[in-house]
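Here are a few notes to read alongside the model. Could you check them against your own view of the structure?

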Amino acid sequence: MCAQPVTNTKEARWQKVLYERQPFPDNYVDQRFLEELRKNVYARKYQYWAVVFESSVVIQQLCSVCVFVVIWWYMDEGLLAPHWLFGTGLASSLIGYVLFDLIDGGEGRKKSGRTRWADLKSALVFITFTYGFSPVLKTLTESVSTDTIYAMSVFMLLGHLIFFDYGANAAIVSSTLSLNMAIFASVCLASRLPRSLHAFVMVTFAIQIFALWPMLQKKLKACTPHSYVGVTLLFAFSALGGLLSISAVGAILFALLLVSISCLCPFYLIRLQLFKENIHGPWDEAEIKEDLSRFLS
Amino acid sequence: MEDEQNFSDICGGRLALQRRCYSPSCLEFCLSCPRITLRSLTAVTCTVWLAAYGLFTLCENSMILSAAIFITLLGLLGYLHFVKIDHETLLIIDSLGIQMTSSYASGKESTTFIEMGEVNDVVINEAIYMQKVIYYLCILLKDPVEPHGISQVVPLFQSAKPRLDCLIEVYRSCQDILAHQKATSTSP
Amino acid sequence: MGLVSRGTAEAGLGAASAVDRPGPPDAVPDPIPTPPAEGADPGSSRGPGMVLKAYFPTCCASADSGLLVGRWVPEQSSAVVLAVVHFPFIPIQVKELLAQVQQASQVGVTVLGTWCHRRQEPEESLGHFLEGLGAIFSHKPWFQLCRERGSKSWSCKATRWQGPASPAASGEDQVMLIFYDQRKVLLSQLHPPAALPDRQAGDTTASAGGLAAVFDTVARSEALFQSDRFDEGPVRLSHWQSEGVEASILVELAKWAAGPVCLLLACLLSLVSAASACRVFKLWPLSFIWSKLSTCEQLRHRLEQLTLIFSTRKAKNPAQLMRKANMFVSVLLDVALGLMLLSWLHRKDLIGQLADALIPVADHVAEELQHLLQWLMGAPAGLKMNRALDQVLGRFFLYHIHLWISYIHLMSPFIERILWHVGLSACLGLTVALSILSDIIALLTFHIYCFYVYGARLYCLKIHGLSSLWRLFRGKKWNVLRQRVDSCSYDLDELFIGTLLFTVLVFLLPTTALYYLVFTLLRLLVVTVQGLIHLLVDLINSLPLYSLGLRLCRPYRLAAGVKFRVLEHETGRPLRLLMQINPLPYSRVMHTYRLPTCGCHPQHSWGSLCRKLFFGELIYPWRQRGDKQD
């Protein structure tokens, strides 16, 4: 095939098929090849404030971790009584529970088919198991060095932040793993607290802030975006305040982090879209348009 | 009727191939492997004894020295009796069979006799040995169930490992006798 | 001609080959027409003529002239000479004798040719006479074998008679003389190569090998060899003869008494086995104990063996006979060793000393265990263990040891008597005594076994819990139907409780694992000791001593095959080979005749053992009897 000289191109018009015998080498292409080139087919235009609004989920989660650590620090130092924290936590949970149903008028509950009795049972299970295990948790890591525990907790909380479901459709996201890592970290930290009541309250608080609060947030964001922005701001400021009472440098760094995530990162995202140069053409591998993911459960 | 030729094995060692022709139907090849050299023997003995002496100076236990002597003696005996093959003999008798004998340096002989009825053919084969490809002579045995199949391959001159020129010499003579055998077994 | 024949086996041949060359050259003209020298007529010898093989017994090499009697195997074109019939004879009588032999042995024994041994001056008439015999005993081809006086030059001629009376028109073939030792070939048992799986050991007739046919012929025509040198029969034969029947009275008596004794013993044994099969012993707790005690296994095994030995049925084939003999020797050796042990134990009152030493040893072991536990309850090897769990486990095990010590002290007055009775059991055989020893070790280290079981169960629970909780931690679950890990969405409370338990188990794992490790090591020590004892018992049980002894003293009895040696050769004479028996290697003797032992395979491979140890599954030294059969 290849031995055929490319002399009679004028007579025979080249076709982009391999199943017919043509007087061209197999790897021959003619001028029309680049006509099908297209650029940035799937590029999207972003609105700055929309991106800032979406980034508030990350802010919320960072603030949750920060609040949790601050509270733990207060408990460890003995500045915060466990009773008070337990009372506050219970009250805010009740408020959140009522809000959870009020926001969408009970539609979500109807859709999921979950009864109040099931909620009560879950709550009872949380309370009983945490209370029953709290003495065990207290002595669990007695002989393990504190630094090891700190390192483990930091590692687990980082994992929680990494694997959290921020709404992106990626393989790494696993809300189960993220929640489990947070609970593991909270158990590790709780075992360092002076008494078993402290440990009990700490783990309960961890459930509230890592499991229940994101559910409420999601609903808030979907139904009342304005109040959601307000809640986020309030939460961020309270976290900053708490951190400020412990260390000013930490607070400043945390504030910078929050600002860069909510303002700088969206700005860069939109700026960098200008440099995007995605080329598409007939050389791309075949693409299956239909979403097949529902077949592969 | 006896003649002797010199060949070399795959490592370049010297091999002597003795060919004894008793009758047209009976042929014997005797391949003598290189002898154990005094130099290597001395080297091994000295190494073992020096190591033993080193250990002795370290822990000052004279048991080590006697153990070294015993190990050397037993090792040498075992080597001569079980490992070192002095010569390998191939006896081909028309219409009777092929007999392989390996004589160890201590005088022990191990013999295998294969009846002609089981022999399918004698061929030269290639094998990968360490980092090189070597040739070896082998007997193909007939499969008792399937008449044209081969059930087993018996390699010849396993310890001497001669080169191809020596193998061809043996191979030709084997083929002569095998051809005669085949002609007589089919003619009646 | 530089060939020096090495190590001649037989006297006749030895003399022949020792004399290097006959002194005077053959001045006398050969009375028998020799076959045309091969060198002279290359065309006929090199052509595709048949090579005839004549198997000739070495014991007939010095016999007088006569007729060759044997069997012609046409497929191999070989003639197996079995005997020589001497002059004078009456042809009818020879034919009658051959017919008798043929009837007795089912082998086609015929007259193959003539044998001429020239001791004195050659007689011209003899040659013609021998030639004439071919007309009486017609056989195709007709062999004419001739040995020169006191020398090693043999000649052989095979003639195919074309017509009944025209020897001149006969075709002649090349002949190869193969000498064989009749006695060894008769007594040996050929083992075909193990590489061919479809051939059975006793099944020599089915295998069509040429040598097997020769062996078979010699073995089956044993009837021909019955008459010995001193018999005055109508026909004088020369063949291998036994040295004379051993007429010892003891042997006769033993032969005579063997039948009734076997019958009596078989009755006794069946009584014993019936008693042991009694229904009372099959009730649940007892049967469980029987299956776990190695002594019972060993006794049962011995009983089966004895039943087989003393069964009055005749062994069907040589393999079975050999097996019986092996079993018998093994039992004899076992009992002899046991009696030696018994006498040694009783001579110095060792049992009393043993009993006195046993209690302090048990106490000492318990004390050492206590020390070990106290060490574990501290911070062993600087490991950081969970203090609360550590204390709980340690106290639990300490209490157990306390119980054990009191139990031992309760037992102590009776130990000597028990040991004495156990020592008596050695007269049943060393293996039984060893099995009892193994059982005693198992009983005395029961506390270690208990610790091991507790530790292993706890550890197993932890490992399994951790593995499933780790799946939950990652949001996965084990799908039983598809045998794989699938992702799964859990409820919030499930996740919470799972993670809580996971954390707790992870932090408690090192404590449990350490206890498990220490007690597993102790357990493995005990199991190793028991395993060694079992190995020894198995060795005594399975060693085919009779076969090994036979291989050592009479190597030709167990033949792996044959080997040939070329005897000194002259041009123009037929090729002479000496066929010797190639004895079976010891490894194959062991492999072929190894006796079956009671459930002899180790239950685990090393890999599965390590896996079981890692996952905390229990390991047992005893073997499962039923599982290994299929």
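1. B:Ser95 sits in the loop that joins strand E4 (85-93) to strand E5 (97-104) of chain B. Helices here are DSSP runs of H or I with at least four residues, strands are runs of E with at least two, and both are numbered from the N terminus. B:Ser95 is not a glycine, yet its phi is positive, about 60°. It counts as buried because it has 23 C-beta neighbours inside 10 Å (the cut-offs: buried is 20 or more other C-beta atoms within 10 Å of its own, exposed is 12 or fewer, partly exposed is in between, with C-beta atoms placed from the backbone).

2. A word on the source: this is a predicted model, where local features need pLDDT of at least 70 and side-chain atom pairs count only at pLDDT 80 or more, while totals for chains, interfaces and linings use all residues. Residues are numbered from 1 along each chain as its sequence is written, and chains are lettered from A and ligands numbered from 1 in the order in which they are written.

3. Have a look at B:Phe157 too, another non-glycine with a positive phi, of about 50°. You'll find B:Phe157 in the loop between strand E9 (150-155) and helix H3 (164-186) of chain B. With 25 other C-beta atoms within 10 Å, B:Phe157 is buried.

4. Now the contact between chains C and A: chain C puts in 19 residues and chain A 22 residues (in contact means C-beta atoms, placed from the backbone, within 7 Å). On the chain C side, helix H12 (387-411) and helix H16 (492-542) are the elements that give two or more residues. H16(C) has the largest share, 10 residues.

5. What is that chain C side made of, in nonpolar, polar and charged residues? There are 11 nonpolar, 4 polar and 4 charged (nonpolar: Ala, Val, Leu, Ile, Met, Phe, Trp, Tyr, Cys and Pro; charged: Asp, Glu, Lys and Arg; polar: the others, Gly among them).

Methods
Contact = placed C-beta atoms within 7 Å.
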